[in-house]
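Look at the sequence and the structure below before reading on.

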Amino acid sequence: MALRNIVKLGDPILNKKSRAVEKFDDRLATLIDDMKETMYNGNGVGLAAVQVGVLKRVVVIDIGEGPMELVNPEITFEEGEQISQEGCLSLPNKWGVTKRPKKVQVKAQDRNGKWQVFTGEDLKAKAFCHEIDHLDGILFTSHIIEGETLQG
């Protein structure tokens, strides 16, 4: 495993749409392992491949319950809403108050290509939404609620 550099706000790659993963091989496994190490080193709860400069639909998340690896993730259900503080490893020391779904269901593949379904509420739902947004070139700043501003 190796630490990768986290792409920061201002780099145009953060606004690009990531491509679906089609090859489930050792290179993908290495990317996922490196992403987890990078996320933990940065004290984050999630990281998308685009944040380490790779335009592939890969996300890792750990809200304190153990790591989740999501390849080609899609949100299939959402309900409710939550308003809470949100930040991003690509925008160090910045945060904003956002509105996100309270509960989501996500369909994704694992590192071997097997499909699985995850359900998340509260922080986990927010992390799923935040990281999957990254795969579509969307930053959390676009979810800051009216009247609030980016802080930090």
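## N72 and its surroundings

Leaving aside neighbours within four places in sequence, N72 is in contact with A20, V21, F24, R57, K107, A108, Q109 and W115, where contact means heavy atoms within 4.5 Å. N72 lies in strand β3 (residues 68-79); helices (H or I, at least four residues) and strands (E, at least two) are DSSP runs, numbered from the N terminus. The relative accessible area of N72 is 10%, so N72 is buried (buried is under 20%, exposed over 50%, partly exposed in between, with a 1.4 Å probe and protein chains only).

The side chains of N72 and Q109 are joined by a polar contact of 2.8 Å. A polar contact is a pair of N or O atoms within 3.5 Å; within protein, one must be able to donate a hydrogen and the other to accept it, and residues adjacent in sequence count only if both atoms are side-chain atoms.

## Basis of the values

This is a predicted model, in which local features need pLDDT of at least 70 and side-chain atom pairs count only at pLDDT 80 or more, while totals for chains, interfaces and linings use all residues. Residues are numbered from 1 along each chain as its sequence is written, and side-chain values use heavy atoms, with hydrogens and water left out.

Strand β2 (residues 58-61) runs antiparallel to β3 and is joined to β3 by four bridges; two strands pair if DSSP finds at least two bridges between them. Here V58 stands opposite V71 in β3. The hairpin of β2 and β3 has six residues between the strands, and in this hairpin G64 takes a positive phi near 110°.

β3 also pairs with β6 in the antiparallel sense, over six bridges. V71 stands opposite Q109 in β6. Strand β6 (residues 103-109) pairs in turn with strand β7 (residues 115-121), antiparallel and over seven bridges, with V104 opposite G120 in β7. In the hairpin of β6 and β7 there are five residues between the strands, and G113 has a positive phi near 95°.

## Rings and a charge

The charged end of K107 sits over the ring of W115, 4.9 Å from its centre. The rule is that NZ of Lys or CZ of Arg is within 6 Å of the ring centre and within 35 degrees of the ring normal.

Rings of Phe, Tyr and Trp (its six-membered ring) pair if their centres lie within 6.5 Å; planes under 30 degrees apart count as stacked, over 60 as edge-to-face and the rest as tilted. By this rule there is one aromatic pair. F118 and F128 form a tilted pair, 6.2 Å centre to centre with 50° between the planes. F118 lies in strand β7 and F128 in helix α2 (residues 123-135), so the pair ties together parts that are ten residues apart in sequence. F118 is buried, at a relative accessible area of 16%, and F128 is buried at 0%.

## Helix α2

How many of the 13 residues of α2 are buried? Twelve are, and α2 is mostly covered. Among the buried residues are A125, C129 and I132.

The expected span of a helix is 1.5 Å times one less than its number of residues. For the 13 residues of α2 this should give 18 Å, and the end C-alpha atoms are 19 Å apart, which agrees. Just after α2, G137 takes a positive phi of about 75°.
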